[in-house]
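Q: Please go through this model and say what each label rests on. I would like the cut-off beside the value in each case.

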Amino acid sequence: MRELEEKIREYGTVLPGNVLKVDAFLNHQVDPELMLHIGQEFAKRFADEGITKVWTVESSGIAPAVMTGLAMKIPVIFARKHKSLTLNHDMYVADVYSYTKKTTNRISISKKYVSPSDKVLLIDDFLANGQAVEGMLEIADQAGVEVAGAGIVIEKSFQPGAKEIKDRGIRLESLARIKSLENNSIEFMTD
């Protein structure tokens, strides 16, 4: 997705440890027009899959997931990272390690909003080691729902997450695929 790659080139900053900072448009300040286009692109790519719900993990995946749900005209569920006073039982849960924050979070989705007849699309802002997607896949397994695929805004193709998800037989659609962040330079995959 050329528009996304241009935003990454213009506003992305490479930090130590292969971290790409894109807080100018994705995960702190949000560019709603770009998010709308991202949602429309995911909706187009997964149009024929019979998807009934979009899932993501809070918080940076919410904006692209909501726009995908809007484009597909289906509900969006975000897995919570923290316990809530109003969501405290009948939950599907999984532990997810955050590469960027170096912490493990327990994510949860209420059983109330999940049906075994659901076919879900997983959306996330970044794919590095695949932990957020793996956590959502674990919850999908617990719930007995079918996963149509995973839509990723920015994939770091040089890290193992994409390969691991594909090796599980999950369809993966990434809108920007980064080949390298070496020498503080962002290099995109060309294929």
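Q: Which residues of helix α3 are buried?

A: In α3, which spans residues 62-72, the buried residues are Pro64, Ala65, Met67, Thr68, Gly69 and Met72. Buried means under 20% relative accessible area, exposed over 50%, and partly exposed in between, with a 1.4 Å probe and protein chains only. The model is predicted: local features need pLDDT of at least 70, side-chain atom pairs count only at pLDDT 80 or more, and totals for chains, interfaces and linings use all residues. Residues are numbered from 1 along each chain as its sequence is written, and side-chain values use heavy atoms, with hydrogens and water left out.

Q: What covers the buried residues of α3?

A: The cover includes α2, β3 (53-57), β4 (76-79), β7 (119-127) and β8 (146-156). Helices (H or I, at least four residues) and strands (E, at least two) are DSSP runs, numbered from the N terminus. After α3 comes Lys73, with a positive phi near 60°.

Q: Why is Ala43 called buried?

A: Its relative accessibility is 12%, and the limit for buried is under 20%, so Ala43 counts as buried. Ala43 belongs to helix α2 (residues 32-45). Leaving out residues up to four places away in sequence, Ala43 touches Thr68, Ala71 and Met72, where contact means heavy atoms within 4.5 Å.

Q: Why is Arg2 called exposed?

A: The relative accessible area of Arg2 is 62%; exposed requires over 50%, so the label applies to Arg2. Arg2 is part of helix α1 (residues 2-11).

Q: What makes the protein as compact as a globular protein of its length?

A: The secondary structure comes to five helices and 10 strands. The radius of gyration is 16 Å, close to the 16 Å from the globule rule for 191 residues, so the protein is as compact as a globular protein of that length. The radius is taken over C-alpha atoms, and the rule is 2.2 Å times the number of residues to the power 0.38. Of the 191 residues, 51% count as buried.

Q: What makes Asp118 and Lys53 a salt bridge?

A: Their closest N and O atoms are 3.0 Å apart. A salt bridge is a side-chain nitrogen of Lys or Arg within 4 Å of a carboxyl oxygen of Asp or Glu, so Asp118 and Lys53 form one. Asp118 lies in the loop between β6 (103-110) and β7, and Lys53 in strand β3, so the pair ties together parts 65 residues apart in sequence. Asp118 is buried at 7% relative accessible area, and Lys53 counts as buried at 14%.

Q: How many salt bridges are there in the whole structure?

A: A search finds 16. One of them joins Glu134 to Arg168, with the closest N and O atoms 2.5 Å apart. That pair links distant parts of the chain, with Glu134 in helix α4 (residues 131-143) and Arg168 in the loop between α5 (161-167) and β9 (172-180), 34 residues apart. At 41% relative accessibility, Arg168 counts as partly exposed.

Q: How far apart in helix α5 are Asp167 and Lys163?

A: Asp167 and Lys163 are four residues apart, which separates them by about one helical turn. They form a salt bridge, with closest N and O atoms 2.6 Å apart. Asp167 and Lys163 are exposed.
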